[in-house]
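Here is a friendly walk through a structure that may be new to you. Please keep the sequence and the 3D view open as you read.

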Amino acid sequence: MTAVLRVENLRIGFGAGTVVDGISFEVRRGECLALVGESGSGKSVTARTLVGLTGDGATVRADALTFDGRDLTRLRERDWRAIRGGRIGFVLQDALVSLDPLRRVGKEIDEVLAAHTPLSRRARAERIAELLAQVGVPEPGLRARQLPHELSGGLRQRALIATAIAGEPELIIADEPTTALDVTVQAQVLDLLAKLKSEDRSLLIISHDLAVVSRLADRVAVMKDGRIVEQGPVHQVLRAPAHDYTRSLLAAIPAEHTKGTRLSGTPAPPGERRPPGDVVIRVDAVTKSFRGPDGVARQAVRDVSFTLRAAETVGIVGESGSGKTTTARIALGLTEPDSGSVQVGGQAWSEVTGRDRRALRRSVQVVYQDPLASFDPRYTVAKVLDEALAVAAVPRERRRDRAVELLELVGLDARHLPRRPLQLSGGQRQRVAVARALAPRPAVIVCDEPVSALDVSVQAQVLDLLDDVQRRTGVAYLFISHDLGVVHHACDRVLVMKDGQVVEQGPVETVFTSPEHPYTRELIAAIPRLTAA
Amino acid sequence: MKGIRPGVWLAALVLVLLVAAALAPHLFTGQDPLAVDSARTLQPPSAEHLLGTDENGRDVYSRIVFGTRTSLLLGFGAIAIALVGGGLLGVLAGLGNRFVEGLIMRLSDVGLAFPELLLALVVITVAGGGTWNALVAIGVANIPNYARVVRAQTLSIRRSTYVEAAHALGLSGPRVVLRHVLPNAVKPVLILATIGVGTALVAGSALSFLGLGTPPPEPEWGSMLSTARNFISRAWWYGVFPGAAITLTVISVTVVGRWLRLRSEGRTS
């Protein structure tokens, strides 16, 4: 097999800093290579460099950087324009921001066709419909006339892939092509990419997700701090990783087999897990509708019931729009259900108002997906915790000590008090968010996608942290996630939601090993698994 | 503080001098701005009168120095009124129900439909002239601008995760507004306001020029310009220097304001 793309000793720097430090790899015809790494590993900047979009102020050096025998380092901008889109297709991560919001989807593809093919206007219109059909967009004629926001996330990503293949490129570079997608949609997009590969095109996939990669790639290159630490056939790297970093990455992925074990390699605190205690939240037949922009009421949550006991973790899984977050907000007392009731420690949200309601709020706290957005941007860590402790009626003179105690509980210390959230890493921010949630000594913490925005090794630390905190304090978690592996690892019981309804609920083991509802089966079948390699 | 362009430093220095002149004009000139000397009217700049004299023989330099206080007061005072009024109305509109929001926003639409100066003139027609009335008039005329921006900020902050997090902690509604919504909604507007100061200052001078602001013989840049107009062919210095003072002040405030804005957006220039 001949190499379509050959990279030898590639170095990329911005100013004095080096972000990619001498990497070498090649992509052969009809092959898929995956570059895998965590944020800051240099994988995305590598991808951008391969299409000549490294960015301002970057210095790119390489012993060899050739595409189909041509030296890419010597290309001028106008030469790049012939290659980009025409011979190398580029698929970006988030289709919502990568597609022009004011331009119809068909127009987006038309632009590529006009630039790289000699087709007439009429022939292009036919080709657009063909391309959309080829990437599995139903009703391509209609969809081509729609705007990006009128399409679902999955369809948008397909449309973006259609623009990338419109110029019949030999090589497709995809930067996190499925990261923003629901698991069933992700499975469809992966199938589509696999189909493109079978058409003798070459693929370079950039991803943080080893499981996604294992389903598609022939070979994997694992990146860390600008270097490739390990490279080889996918089954070899995943089954018998040679490098410690690859091993720790693989060990950190939460899934069925990691249940009850530590993900981050740190020891568990002493003591047994507590058995589930009294009921702390009872949600009884809640229903909630929202009126859409068209004035039609849509039921976001329908007849949902569950209970949560002390020291227990109940997961809610479902895809976007399934009603998970609305259910969480109802449990938090931030949204009033149209009917049904929520009891917290025996008191119903609907029965308390004013001061009593605010007091009741202390017993149900929340940790959000994006910790940075959940802090007032003007506040330091000290102020964030001070406010939470003040609400919990801790006297002023004891608050600092309590704040330090809380930070220590989440693996930080007093040195972090004067910092601003912006100056902390993603994992540290989420730790501060957990500390704040613990400040009023709640009985329940609602975790709304608490690890979805984190790298796998940081995710592992936060999941372990949540486990530690539960062992120490006996707090109950309502754990919302779209990631079934995370839910399987972290939860005792699980609710599967679809279109606002709970289609199945029960102990995690039962639901995941012998799912009864067809939708649950579909979800579980769609999980990318490492063992598929 | 590295990487700040010399122009910004210069503008900041001018502002410091202006504030000093406003607080203690005596430090900058030994002459009385109101002292009439009928023997020396409309004298060109000389060692004795640095920037010449006016039609009553008063020293133009010391009148400019003593006029700084009024001019800066007009600029900053008017914007302070606009900020407080616009901030309150904007937050109210952003948080209120449909009726409150509609009322405030339609009123502000009406206000925005008229030029600021025209609105100020209406206020002065009702309330009468003078420095303080001019200040209030310009401030009120600027309220709609700020109310709009603050409302838009409030709308987005109100839906932000950190405000929801504060509610979830159990903070009361008014406390959330005071601690989280108000400061974050007003912060970007504060920077906008530094640029507004220049415009308000010009508006104040314009009102004085029309004879509706600071009454003579009190020194004020705008009213000096107004009288200088009659002698422009015989005494260029009388009009040019107060005009230059206004221009320099507005440019300095705007340069510093622009720098603050860029910095707050994470860009530096």
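**A sheet to start from**

Helices and strands here are DSSP runs numbered from the N terminus, a helix being H or I over at least four residues and a strand being E over at least two. Two strands pair if DSSP finds at least two bridges between them. In general, the strands of a sheet pair through backbone hydrogen bonds, either parallel or antiparallel.

A word on the source: this is a predicted model, in which local features need pLDDT of at least 70 and side-chain atom pairs count only at pLDDT 80 or more, while totals for chains, interfaces and linings use all residues. Residues are numbered from 1 along each chain as its sequence is written, and chains are lettered from A and ligands numbered from 1 in the order in which they are written.

Now widen the view. An open sheet of six strands in chain A has the order β7-β8-β9-β3-β10-β11, and its pairing is mixed. β7 (88–91) and β11 (227–233) of chain A stand at the edges with a single partner strand each, so one side of each is left without a neighbour in the sheet. On average, neighbouring strands of this sheet are turned by 15° against each other, direction ignored. Angles run from 0 to 180 degrees between N-to-C directions, and axes are lines fitted to C-alpha atoms, for helices over the stretch in contact.

Which strands does helix α1 (residues 43–50) of chain A touch as it packs on the sheet? The helix α1(A) touches β3 (32–36), β8, β9 and β10 (219–224) of chain A, and its direction makes about 150° with that of β8(A). Contact means that the C-beta atoms of two residues, placed from the backbone, lie within 7 Å. α7(A) packs on the sheet too, touching β7 and β8 of chain A, with its direction at about 165° to that of β7(A).

**Helices that meet in chain A**

Follow α7(A) to a helix partner. The axes of α4 (residues 105–116) and α7 (residues 153–165) of chain A come within 8 Å and cross at roughly 15°. The two helices α4(A) and α7(A) are therefore roughly parallel to each other; angles under 35 degrees count as roughly parallel, over 145 as roughly antiparallel, 65 to 115 as roughly perpendicular and the rest as oblique. Their contact is made by A:V105, A:E108, A:I109 and A:V112 of α4(A) together with A:A159, A:A162 and A:T163 of α7(A). By class, these residues divide into five nonpolar, one polar and one charged. Here Ala, Val, Leu, Ile, Met, Phe, Trp, Tyr, Cys and Pro count as nonpolar, Asp, Glu, Lys and Arg as charged, and the others, Gly among them, as polar.

Another pair in chain A is helix α8 (residues 183–198) with helix α20 (residues 518–526), packed at an angle of about 50° with axes 8 Å apart. That makes α8(A) oblique to α20(A). The residues that meet are A:V183, A:T184 and A:A187 of α8(A) and A:E522, A:L523 and A:A526 of α20(A).

**A second sheet**

Chain A also holds an open sheet of four strands, in the order β13-β12-β15-β16, with antiparallel pairing. Five bridges join β12 (residues 279–291) to β15 (residues 339–344) of chain A. One of the residue pairs is A:I281 with its bridge partner A:V344 in β15(A).

In chain B, the axes of helix α4 (residues 116–127) and helix α7 (residues 173–209) come within 11 Å and cross at roughly 50°. α4(B) and α7(B) are therefore oblique to each other. B:E116, B:L117 and B:A120 of α4(B) make the contact with B:A203, B:A206 and B:L207 of α7(B).

Finally, see where the chains touch: 19 residues of chain A are in contact with 14 residues of chain B. On the chain A side, α13 (354–361), β17 (364–367) and α14 (381–391) each supply at least two residues. The largest share of that side, three residues, comes from α13(A).
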